[in-house]
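Notebook open. I list below what I looked up and what came back.

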Amino acid sequence: MGRPALACLGVGLVALLLSLINQFSAAELTPPLVRASVLASLLAVGFLLVATLWTRAVPKAPERVALEGPQGLELDDSLPEPLKLELAWGSQLLLTATPGATVLLLWRQRTLLRRGLLGSGAVLVGPIGQRALTTGKAISMVNLALYPGRDEFAALPAGLPALVVQPIGSEGLLLLGGWSPRCFSRSDELWLEGWARKLRTTLEELPDVGGPSGSLQPDSPQQGAGSAGTAPATPAN
């Protein structure tokens, strides 16, 4: 509860207490005194309700979860240089402009990008990812621990509290994991959707090279070990 709500609550409690003291300390309960006590009590209760509604209107933000894992940037080594630059720029902006902790791009069963807090292993498209590809709509999981199908995202950092699964056409998924439950706003989801649309045309022109998992290599020794908050450097081949 914030300071304004606490002040409103305090005023309501004091007003209600004074009204009761005034009524019980009077020598005689006259009609004017009763009417004044009722009005004062209603005013005090009004302050209490305002304090309660104020708290509900501005809920306490969920605490950031302490996730474990290395920070870095990994790109598929077979990607053309312009696409590497686009992925480096876009993922950097996602991790700095939103509460995102990790970004992963899957295209035609190839993992093209990991950035932020790095997980391990290959991504397997399960029921949740398949539903996003089929419907063409993003799936926002505000509290990943409550979803029984979260095992398909085992390649992401363990204990990830929130995840947005954004489809890229019918062949790719863009995953954005957050630091805390219910951390992504509608504007964050729209930004993710816009970048996915921008990437789709370029990704559809890629040749089908490499295996299902692709050849995922750190962009550079500095970027592979650096944090997501640093500006993206020019990826190395």
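Source notes. The model is predicted, so I kept to its limits: local features need pLDDT of at least 70, side-chain atom pairs count only at pLDDT 80 or more, and totals for chains, interfaces and linings use all residues. Numbering starts from 1 along each chain as its sequence is written, and side-chain values use heavy atoms, with hydrogens and water left out.

Entry: overall make-up. I took helices (H or I, at least four residues) and strands (E, at least two) as DSSP runs numbered from the N terminus. The protein chain has six helices and seven strands. Along the sequence I read the pattern α-α-β-α-β-β-α-β-β-β-α-β-α. Of the 237 residues in the protein chain, 39% are buried. I counted a contact as heavy atoms within 4.5 Å. Among contacts with a separation of 6 or more, 69% join residues 24 or more positions apart. Accessible areas come from the Shrake-Rupley method with a 1.4 Å probe, and for residues only the protein chains shown count as cover. The protein chain exposes about 12,900 Å², and carbon and sulfur atoms supply 62% of that area.

Entry: salt bridges. My criterion was a side-chain nitrogen of Lys or Arg within 4 Å of a carboxyl oxygen of Asp or Glu. Side chains of opposite charge can pair when their charged atoms come close. How many salt bridges does a search of the whole structure find? The search finds eight. I looked up three of these.

I first took Glu86 and Lys198, whose side chains meet at 3.0 Å, N to O. Glu86 lies in helix α3 (residues 81-97) and Lys198 in helix α5 (residues 186-204), so this pair ties together parts that are 112 residues apart in sequence. Glu86 is buried at 17% relative accessible area, whereas Lys198 is partly exposed at 48%.

I then took Lys84 and Asp77, which form a salt bridge with their closest N and O atoms 3.7 Å apart. Is Lys84 buried or exposed? Lys84 counts as buried, at 2% relative accessibility. Asp77 is partly exposed, with a relative accessible area of 36%.

Last I took Glu189 and Arg186, whose side chains meet at 3.3 Å, N to O. The two are three residues apart in helix α5, so about one helical turn separates them.

Entry: α3 against α5. I used axes that are lines fitted to C-alpha atoms, for helices over the stretch in contact, with angles from 0 to 180 degrees between N-to-C directions. The axes of α3 and α5 come within 11 Å and cross at roughly 175 degrees. That makes α3 roughly antiparallel to α5, a label given to angles over 145 degrees. On the α3 side, the residues that meet α5 include Leu83, Glu86, Leu87, Trp89 and Gly90. On the α5 side, Asp188, Trp191, Leu192, Trp195 and Lys198 are among them.

Entry: Thr98. I found Thr98 in the loop between α3 and β2, buried at 12% relative accessibility. Thr98 touches Leu93, Leu176, Phe184 and Asp188, not counting residues up to four places away in sequence. Thr98 and Cys183 are 85 residues apart in sequence, with their C-alpha atoms 8.7 Å apart in space.

Entry: positive phi. In the loop between β2 (100-107) and β3 (110-117) I looked at Arg108. Its phi is near 50 degrees, a positive value in a residue other than glycine, and Arg108 is partly exposed at 23% relative accessibility. Gln109 is in the loop between β2 and β3 as well. Gln109 is not a glycine either, yet has a positive phi of about 65 degrees; at 60% relative accessibility Gln109 counts as exposed.

Entry: helix α2. Ser37 is in helix α2 and is buried, at 4% relative accessibility. Ser37 touches Ser19 and Gln23, leaving aside residues up to four places away in sequence. Val38 is also in helix α2 (residues 31-57), but is partly exposed at 44%.

Conventions. Buried means under 20% relative accessible area, exposed over 50%, partly exposed in between (1.4 Å probe, protein chains only). Angles under 35 degrees count as roughly parallel, over 145 as roughly antiparallel, 65 to 115 as roughly perpendicular and the rest as oblique.
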